[in-house]
Amino acid sequence: MKKLLKYSTLLAVAALAAFCASPQQMAKLASMVKTDCNPKTLTVVGGQIKATYTISFPEKYFVPNAYLKITPELVYGNQKETAADFWMQGEKIRDNYHTVPYKTASSVSRDVVFPFKEGMEKAVLQLKVTIYNSSKTKSWEYPLPFKIAEGTNCTELLASTEGVPFFEKDNYELETIEEVETQILYDVNKADVKATRLNSSEVKAFEKFLKEAKNDSKVSVSKGKIIGYASPEGPEDNNNKLSVQRAQSAKAAYDKTISKNANLNMDVSVEEKGEDWEGFKKLVEQSNIEDKDLIIRVLSMYSDPVVREREIRNMSQVFQTLNQKILPQLRRSRIVAEVNRKNYTDDELRQMIEIDDNRLTEEALLYAANLYQDNATKESVLKKAADRFNSQRACNNLAALALQQNKPDQAKNWLSKITDKTAGYYNNLGVVEMQKGNIDMAAQYLYLAKGENGEVIGAAKENLGALLIRDGDYDGALDILDGTDGFAHGLALLLKGKNDDALKVLKNGEDPDESYLRAIVAARKGDVNTCENELVKAFAKPVYESRVDNDIEFAALQ
């Protein structure tokens, strides 16, 4: 049996030697040639399809007086792209091509690159082989081209170059708590409340506010506080007692007159602060006293109130000014009301936008713009904020709205009106350049989009990550996206084959983009049920429903 096998092998080698005596016979024995491709499935990296093909020849195949030309072809639909020809030559040819030996088996590998075009999702990479005689006057093609790879992984292209615009936040609050107060002033070293002080315009305005608040459905006053103070002059013990007495007298005056005049009862706490050094410093800072910097320096140098007072009194001329202008304002009690104010509801805001929005503040208009789904109304509301209040945030949000509609020129016009160049401004300027195809300039702006902590803000990180992904720099994308959650980070991890890590950052169960990535992970793991469930959520975004049939990530499940 062994002799028979040995004899058969010798016959095959002899037959091969006999057949490959001419270039024409090389074409007839094309089945003896082997090919390979890396990767087996074509993959888009950096916007290009890159592959390495290998062609292997058995011994005594490549005749010495022949040329062989390989033409890589990428076939998709009814179209075809070709890469550069690769020529080889037999041992007797004296040319500058790659020489293939006749008596020994050999292999040759070459790289090919095709810029990705729409429709290449189901491309086939094949090698067309043509044999020529030594003078290139005759040629013979292999019967069929070698199909070496089929299908294209386009997951990288999920990174959008349309960019993520940044909308500045409003400071509108549906309910706010604020303090409204008045003061009762006292004579030096006195704690009795004079009638003239209770009839001051400031106290009367406070009474009026409390009275009106009771009849305002959007305002409520349920509690307050009365705080007694003493000016920082004289013995500290005496001043502490004086602040207690002033707090008590102010409470009695409030109960007897202010509360009754306002026809409002509120729960009032009473406290005393003693010497009002904090108020003293604030009033000095706000004043135009000639030596105020020296006074403030004394306050910072000494914490002992006795030493402070002594050092200040030593500045005799300054102390005289303080005694006239500052200290009388610190002999006081503060009556403070805690006011709970309800702002306009969403329905009220919509109604005011339709009928009369002249009473709305900048914050209310910025907030109200988010109550509408249609871009035209959003734009109209934001323009009012921009026009009435010269709102920088409104201009930025108008730019962001234009970018959502792929209108970079319109967005750039709005951004040109901004002087306060925030991180959001630079992010949106970067997105403008992304949409215009100016990638390098886009990256420059995005790196300037830094918040107060000095780090690039989230939207800019996502945009930079997308640019790096589309450039094929997955490691760079992971570096910039480190510590973030969401689509861009998940995509970068997927492209590095880190499926489980990707799931950890894809936390938004309602986001169609993230659902599509989770479906890819499930498909890679062969988890059909999870894949189908995630795709249902992803299809809320129509682009995924049209993409999935051509996505090779799901080929094994179809």
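Author: Start with the residue classes. Ala, Val, Leu, Ile, Met, Phe, Trp, Tyr, Cys and Pro count as nonpolar; Asp, Glu, Lys and Arg count as charged; the others, Gly among them, count as polar. The model is predicted.

Now the cavity. The count is one cavity of 30 Å³ or more. The volume of the largest cavity is about 50 Å³. Its lining is made by Pro232, Trp277, Phe280, Glu309, Ile312, Phe319, Leu322 and Leu327. By class, the lining holds seven nonpolar residues, no polar ones and one charged one. Glu309 is among the lining residues, and Glu counts as charged.

Next, the backbone. Begin with a cis bond. The peptide bond from Asn38 to Pro39 is cis, and omega is near 5°. Pro39 sits in the loop between β1 (34–38) and β2 (42–45).

Two residues have a positive phi without being glycine. Take Lys60: its phi is about 60°. Lys60 belongs to the loop between β3 (48–57) and β4 (67–76). Its relative accessible area is 28%, so Lys60 is partly exposed. Then take Asn390, with a positive phi of about 50°. Asn390 falls in the loop between α12 (375–389) and α13 (392–404). Exposed means over 50% relative accessible area. Asn390 has 54%, so this residue is exposed.

Technical notes
Residues numbered from 1 in each chain as written. Predicted model: local features only at pLDDT ≥ 70, side-chain atom pairs only at ≥ 80, totals over all residues. Heavy atoms only, no water. 1 Å grid on protein atoms, 1.4 Å probe; cavity = no way out; pocket = protein on both sides within 12 Å on 5 of 7 lines; lining within 4 Å. Points joined across faces, edges and corners; volume = space filled by probe spheres on them. Helix = DSSP H or I, 4+ residues; strand = E, 2+ residues; numbered from the N terminus. Buried < 20%, exposed > 50% of the residue type's maximum accessible area, 1.4 Å probe, protein only.
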